[in-house]
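Dear colleague,

Please find below the structure I am handing over to you, followed by an account of what was found in it. I would be grateful if you would read the account with the structure open.

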Amino acid sequence: MLQRTYDKVNALFEKSNGYLSTRELLENKITTIQIRSMLDDGKIEKISHGHYWSLMSGKKKPKNYKMIEACMTNPRAVICSLSACYYHGLIKKEPEKLYVATARTDRGGMKLTFPVSRHYFSLLSFDEDVENVKTDWGNIKVYGVDRSVCDCIRLEKEIGHDQVELVVENYKKYKKQKMDHLLDYADRMRFGKIAREYLGQSQ
């Protein structure tokens, strides 16, 4: 592939802060053969179906790149439970898996280069407490802290008792907590008793 083509592609990636979609590359007259050549040459990295990260500049990915790439791959997805608690600062260590919520009717792909734990929510609860966060690399959808703690309790079997206890203890110290809101959500999701036991709240 000609150097001027690499220079052109590099400039396109730089303009978009390192990420581009197949559609954007094709719109700029970069062919699928050229895309494949750049993948083979280690110039770009495929992060999911139809999305790429540039390796030409040597720049590191943004801090929350997993969340960014998940929401880029499926714009309807929402970062949830343990990953959302990490985003809100309730835990310091990033979970090994990215916890993502989608509506039960959503069959959009979520095949990424890192482990993902996908959870399907009913349409009645899916859009509740979603925060839209704008970044230089795209938007992130993440559930609010109260709901995220509650979802961690609900997913205890997968997350682990000790990890959920850590989340809950840190939530109790969280200055912006809304305990009543959390318990109301837990009651509607039919695990209010378990949530109260974790949080030390009487009925």
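Helix α7, which spans residues 145-154, is mostly covered, as nine of its ten residues are buried. The buried residues of α7 are Val 145, Asp 146, Arg 147, Ser 148, Val 149, Cys 150, Asp 151, Cys 152 and Ile 153. Please note that the model is a predicted one.

Two residues deserve a remark on their backbone angles. Most residues other than glycine have a negative phi. Ser 81, although not a glycine, has a positive phi of about 40 degrees. Ser 81 belongs to helix α5, residues 81-87. Is Ser 81 buried or exposed? With a relative accessible area of 0%, Ser 81 is buried, because the cut-off for that class is under 20%.

Asp 129 is likewise a residue other than glycine with a positive phi, here near 65 degrees. Asp 129 is found in the loop that runs between α6 (123-126) and β7 (130-135). The relative accessible area of Asp 129 is 25%, so this residue is partly exposed.

Finally, there is the matter of open space. The largest pocket holds about 200 Å³. Its lining is made up of Leu 82, Ile 91, Lys 93, Glu 94, Pro 95, Glu 96, Lys 97, Tyr 99, Glu 158, Ile 159 and Gln 163.

With kind regards

Key:
Residues are numbered from 1 along each chain as its sequence is written. This is a predicted model: local features need pLDDT of at least 70, side-chain atom pairs count only at pLDDT 80 or more; totals for chains, interfaces and linings use all residues. Side-chain values use heavy atoms; hydrogens and water are left out. On a 1 Å grid over the protein atoms alone, a cavity is a set of points where a 1.4 Å probe fits but cannot get out, and a pocket is an open set with protein on both sides within 12 Å along at least five of seven lines; lining residues have an atom within 4 Å of a point. Grid points are joined across faces, edges and corners, and a volume is the space filled by probe spheres set on the points. Buried means under 20% relative accessible area, exposed over 50%, partly exposed in between (1.4 Å probe, protein chains only). Helices (H or I, at least four residues) and strands (E, at least two) are DSSP runs, numbered from the N terminus.
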